[in-house]
Amino acid sequence: MEGQAHSKVWHNYNINFRPHQKGWLSITLGSHWIEPNRSENMLDIGKCQESMVSVLGWFANPIHGDGDYPEELKLFSDLPLFSEAEKNEVRGTADFFAFSFGPNNFKPLNTMAKMGQNVSLNLREVLNWIKLEYDNPRILIAENGWFTDSHVKAEDTTAIYMMKNFLNQVLQAIRLDGIQVFGYTAWSLLDGFEWQDAYTTRRGLFYVDFNSKQKERKPKSSAHYYKQIIQENGFILKESTPDVQGQFPCDFSWGITESVLKPESVASSPQFSDPHLYVWNATGNRLLHRVEGVKLKTRPAQCTDFISIKKKLEMLARMKVTHYRFALDWASVLPTGNLSAVNRQALRYYRCVISEGLKLNISPMVTLYYPTHANLGLPAPLLHGGGWLNPSIAQAFQAYAGLCFQELGDLVKLWITINEPNRLSDIYNRTGNDTYRAAHNLLIAHALVWHLYDQRYRLSQRGAVSLSLHSDWAEPANPYAESHWGAAERFLQFEIAWFAEPLKTGDYPRAMREYIASKNRRGLSSSALPHFTQDERRLVRGAADFYALNHFTTRFVMHEQQNGSRYDLDRDIQFLQDITRLSSPSRLAVIPWGERKLLRWVRKHYGDVDVYITANGIDDQAPENDQLRKYYVERYIQEALKAYLIDKIKIKGYYAFKLTEEKSKPRFGFFSSDLKAKSSIQLYNKVISNSGFPSDENSSLKCTQTQRNKECTACLFLVRKKPLIFLGCCFFSTLVLLSITIIFHKQKRRKFWKAKNLQHIPLKKGRKRVLS
């Protein structure tokens, strides 16, 4: 009936008022969005479609579609039937698609047609659904926003975050998906009665004091933010300077990063080690039969016998990178956790990966330990012995690292001891001391390995050692609240300085200790940072040759309430997690200028040090034409170039993440899980070949392969010519020894003949002959 009432109003306006009023008319429809539990499962996808049809399609299909209810609804519900006349009257009675998307479309949860699937706040996806279902109509976001609790006054950080998130999704839908969104309306102007929530939640841009007689109104932070968005007609990157033209030096490292590289146990070419001859019974049982008494010559095993190495070499060659970063699997190399059982086959595999890469002028950056959520990436005995909560594991790590330096160090010039030790809070208990204890032992382990390399291997191998830190940049969630600026700095102390500060001073950051102590005094925590002994201080201080930063996002953080309650944003995000099953709170933004700010912050706190961006990338769901990745890779490299040219930061390399992606995981790869190349490879190739963004490609600096990687050239020569070099050294040593022997005998003979000749020389009268 509502649909028919709407259609009659539309026809009335269309006939009697539109000719002179020139207006548009539609009906506002609200909906949730839902995603399948298993993206590849057609049954789950069908349930999601059924959910959307039952909510949004119920009214949208008669008006924006074919004039009738969706077939799925007619099959499973007792809907009235449209006559042909009614279909014709209802169909097309909307000049645009007016759409509402907010908390009222998601609450209460028990009334939602979830069909057992995952409810999501992805506004961009539901806009895409509307585009596909109703032939890309013009869309007005007629109502959008979020809520805050009734006690929140003018500092409504949650509302700012959610508005930014929704508007960003709308902008992506317009720019990237070609969706015709022509307007956006925020809900609402003032705090008021919110339907089933009554006055327990607030959704206004202006705070209303319901307890006062005058009902005073005060603009919230979200009002200031929305005003700024309107004035700038979107998101103006004020924090980012205009693009620069210029180049990185020729020895700049252009890399690609992979996570743990699992070694192959057996080469894939047994026919090269089997000396027997086989005949194929093509017309009989179609099997191979050995010919007895015949032996063939075999060849030695080669690195390219491994299938995975062949494939990686092909991908790396296509990437045109100068460096390849990957992690060893500690558990594969030392299954027992000590040197009693060394897996030589695993070490041979890793040496093959490195040496074959060097033949393509691709140098390695090798990570010794890459923590994982499954088993921490540890050998089973070490895991069962307490993992990183057991201090003795540091000595085990040192022994493992020493083996790797001994077996691979002649080919590796860049080592990462541990990848992202500052993310242990994702694994260990955050509320107790386990995280801090484990982190302390990790720092000691890293320092032991650094000193081992410095004292025993650096002189001969001439490499560099560091650890890589997860390094998000932090911005205040509410830029209109001064306390949030302090929270952003505190986040960086806990994110980066936690590990970087001891490497500089030998102790944890003072800001960390003070903040933890203040929470303890208020009864909000019982945590405590471990204390370094004097020997440990000396051990960790200076134990890094460069800074390695894995940077992906900018976090928007806010201050904690002094009354001890949780962050308002965290509480609201927890609600979002409950209805969307998100893996982590979406307080992140992919903002390239955060990378440059991070680099400047590191230099400010830790001096003019060498810095590598050892992992950087973005999740792009496009299977092949990954336009989003191309945009962000270019933006991130631009910010790195600004840091190098303008800020004079000693950035030595940029490593994109990652080479390949796995199935059912975030899509960070330049190659898909079935090894299909994506279009972003061409963009990265171009940046690498130009060493940045030159102003004139014809006159720009062109780096030869030798200039790009002098160390790599030396390594490649040693790898290829090792037998010849050995023979040459032997020949040279023999030649030198022979020359010395000949010279010695010549001098001896000369003295002998000189003495003999003196005996025949007549002496003057009165003199005596003295022979020496």
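What share of the contacts in the protein chain with a separation of 6 or more is accounted for by residues 24 or more positions apart? Such residues account for 74% of these contacts, a contact being defined by heavy atoms within 4.5 Å. The structure is a predicted model, in which local features need pLDDT of at least 70 and side-chain atom pairs count only at pLDDT 80 or more, whereas totals for chains, interfaces and linings use all residues. Residues are numbered from 1 along each chain as its sequence is written, and side-chain values use heavy atoms, with hydrogens and water left out.

The secondary structure of the protein chain comprises 24 helices and 25 strands, where helices (H or I, at least four residues) and strands (E, at least two) are DSSP runs numbered from the N terminus. Of the 772 residues in the protein chain, 49% are buried; buried denotes under 20% relative accessible area, exposed over 50%, and partly exposed the range in between, with a 1.4 Å probe and protein chains only. The chain exposes about 39000 Å², of which carbon and sulfur atoms supply 55%; accessible areas come from the Shrake-Rupley method with a 1.4 Å probe, and for residues only the protein chains shown count as cover. On the surface, Y278, W280 and L288 form a nonpolar patch with about 350 Å² of accessible area together, and W280 belongs to strand β13, residues 276-280. Patches of this kind are made of residues with over 30% relative accessible area and no salt bridge, like charges being joined within 9 Å and nonpolar side chains (Val, Leu, Ile, Met, Phe, Trp, Tyr) within 5 Å.

Helix α9 covers residues 307-319, and its 13 residues should span 18 Å at 1.5 Å a residue, which agrees with the 19 Å between its end C-alpha atoms; the expected span is 1.5 Å times one less than the number of residues. The buried residues of α9 are I309, K312, L313, M315, L316 and M319, and they pack against β12 (253-260), β15 (323-327), α11 (344-359) and α21 (680-690). Just after α9, K320 adopts a positive phi of about 60°.

The structure holds 29 salt bridges, each defined as a side-chain nitrogen of Lys or Arg within 4 Å of a carboxyl oxygen of Asp or Glu. One of them joins K312 to E258, with the closest N and O atoms 3.5 Å apart. Because K312 lies in helix α9 and E258 in strand β12, this pair ties together parts that are 54 residues apart in sequence. Both K312 and E258 are buried. A salt bridge is also formed by E475 and K597, whose closest N and O atoms are 3.1 Å apart. E475 lies in strand β19 (residues 473-476) and K597 in helix α19 (residues 593-606), so the pair ties together parts that are 122 residues apart in sequence. E475 and K597 are likewise buried.

Within helix α5, E84 and K87 are three residues apart, about one turn of the helix, and their side chains meet in a salt bridge with an N to O distance of 3.4 Å. E84 counts as exposed because its relative accessibility is 53%, whereas K87, with a relative accessible area of 16%, is buried. D68, E84 and K87 are linked in a network of salt bridges.

The loop between α5 (84-90) and β3 (97-101) contains T93, which is buried with a relative accessible area of 0%. Not counting residues up to four places away in sequence, T93 touches H6, S7, W10, H11 and I63; the C-alpha atoms of T93 and W10, 83 residues apart along the chain, are separated by 6.0 Å. The side chain of T93 also reaches the backbone oxygen of V90 at 2.7 Å, a polar contact being a pair of N or O atoms within 3.5 Å in which, within protein, one must be able to donate a hydrogen and the other to accept it, with residues adjacent in sequence counting only if both atoms are side-chain atoms.

S466, in strand β18 (residues 464-470), is buried with a relative accessible area of 1%. A polar atom of the side chain of S466 lies 2.5 Å from the backbone oxygen of F546, and the residues that S466 touches, not counting those up to four places away in sequence, include W415, H446, A544 and Y547. V152, placed in the loop between β6 (148-149) and α7 (157-177), counts as buried at 8% relative accessibility. The C-alpha atoms of V152 and R202 are separated by 8.1 Å, with the two residues 50 residues apart along the chain.
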